[in-house]
Amino acid sequence: MNKTINQKAWFFVVPVFVLVAFNAAIPLMTVVNYSFQETFGNNVFAWEGTRWFKQILLSERFHDALGRQIAFTFIILLIQIPLGIGIALTMPKKGWGVPICLILMSMPLLIPWNVVGAMWNIFALPDIGFLGYSLNAIGFDFNFTQQPGDAWFTTVLMDVWHWTSLVVLLSYAGLNSIQPAYYQAAEIDGASRWATFRYIELPKMKKVLTLAILLRFMDSFMIYTEPFVLTGGGPGNATAFLSIDLVKMALGQFDLGPAAAMSLIYFFIVLLVCWVFYSLMMKNEVRS
Amino acid sequence: MSLELKNVEKKVGIETHIHPTNIKLEKNTINVLLGSTLAGKTTLMQIMAGLDKPTSGEIWFNGDNVTGKQVQKRNVSMVYQQFINYPSFTVYENIASPLKIIGVNSDEIKERVGKVAELLKLSAMLNKKPDELSGGQQQRTALARALVKDSDLILLDEPLANLDFKLREELREELPKLFEDRECIVVYATTEPSDALMIGGNTATILEGKIIQYGKTLDVYNKPENLTSAKVFSDPPMNIAEISKSGNTCKLTDNSVQWKSNIKIKDGIYKIGIRPHNITTYKEGNNTVEINGKVLISELSGSESLIHFTNGNLNWVSLSNGIQQKNIGENTKLFMNVDEFLYFDENNRLVNHG
């Protein structure tokens, strides 16, 4: 049989190429371009090879920011995942309480990120903010603009407030997809509440929880807006997470080369962690 | 050993799910609850198990009132339509789980699991997880979980409904054998009359939360107390027509069919119920009568032919063996086996058989 050649197929493929090129490939290549060169004014460039990458990877400043970033992500995952599952378990499964809970849970997710930052900034101010003032009134010496520990506490609390709902909603969806017969079967066996959770609910929620952890990992690892508005990375560099440090370097100091190299390293870390985590979680899953 | 429901009623809000029900199940019996979806089979089973409390009435087990006694303390096991196993356990761990919880020692667990696994042909897959098994094997695992415990009461809630045809046939044949030499009461819920006939034992026909009739499966099938019970226990649906009887002669009230009958009932108007397999394209039985029909639909189901036809202003269903090709709209002649007619009086009670 003769193959008929039909060039019309290009009309379907080209728009996708153009779209992807403009929103992903070209900006990324610009960054790659910067990362290997020294940039002067008037579009003068000088080839630098891998110098910026070496510089970033060896710099103490990057190590510190990465350390803070990992600590932050680790802490919020450790709080948000169990807390989210816990809240989802206590939410009603039917009746008038369901829509109320769901709306209340979605509220924090609907608020723009910079508003969340501003809200918590005011909320936590030691002199006029409700949280800051109350903590001081009951005897804590709380000032998030001056004490690193307080800044961390406020940032973590803000992130937990903002994002636990996402874990709750995903877990709730996962829990609701478990057929009632599983619970009855466990009841007939005489399984304890803990055993029911450990051997029925948790395995049945595995996929949504994997998704929840991935989403929370990515978002928290790239967090920028909220701490920028809340603490601006301070006091000192106490809450200068990777993206805040990156913006400082790129726009504050206008070190485009090192900033571009840092962006790429940052990007690869996120990609690598997601890939490793997802592969591990899905290793034993049967494709269905 | 016996399980007795005394005046058990279940209401949810203003809806009555189970009307006051009395039934007594004896030991070493298989009891089929036969009824359509939402007839109340599952509710009844959950009340029997103790997963659900009746609104009023009592449940007696072995002469003890167990109403309100928790399911964990009752030695019950249940198999569901969905294949319910612990997802992260292997087949072995799944079957062993009910024994572990009641604290059986590990040697005995090993022995009992091995025995049940062999009975259900699971020996080769004891180390697999439920996800890696076919639907049939998953349901076998669930059955093994139910059997390993030596329960007094085993409840099977449409256990074959989610299996494909071949696996269903296979497991349906094995099921009665599994319970043969067990000291327990088995309750089996199904929507399919053929399941009840295959399994035998006793059958309760259920409609809209009421037990219509309970007795030996064949008795319920051959001598349904009333038209409702007959309808529940017939698939494809039973043909029902009004007849008039005078002397030895019976005829459909539209005068299209007439036959001789020597049943001993008063002259008058009756209803007859004719199961589809008693209307065939060939003569069957010693005493047949012809009926003319216009074919509406003709379909094959396995090695049987289902022919829907009209006679006068009634629609009829017939079920014949073999492949009987009919064209839509064709006028055809079918034969009804007069000896198998069921006659019902004006109160829809069976008045005679044959």
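**Notebook: chains B and A**

I started with polar contacts across the B–A interface and got four residue pairs, both residues at pLDDT 80 or more. A polar contact here is a pair of N or O atoms within 3.5 Å; within protein, one must be able to donate a hydrogen and the other to accept it, and residues adjacent in sequence count only if both atoms are side-chain atoms.

Ground rules: this is a predicted model, where local features need pLDDT of at least 70, side-chain atom pairs count only at pLDDT 80 or more, and totals for chains, interfaces and linings use all residues. Residues are numbered from 1 along each chain as its sequence is written, chains are lettered from A and ligands numbered from 1 in the order written, and side-chain values use heavy atoms, with hydrogens and water left out.

Next I looked for salt bridges (side-chain nitrogen of Lys or Arg within 4 Å of a carboxyl oxygen of Asp or Glu). I found one across the interface. B:Arg145 and A:Asp189 make a salt bridge through their side chains, 3.0 Å from N to O.

Then I checked contacts (heavy atoms within 4.5 Å): 23 residues of chain B touch 16 of chain A.

I have about 1700 Å² between the chains, with 63% from carbon and sulfur atoms. On chain B's side, B:Ile84, B:Tyr86 and B:Pro87 supply 27% of what that chain buries against chain A, more than any other three residues.

Notes. Buried area = accessible area lost by both parts, 1.4 Å probe.
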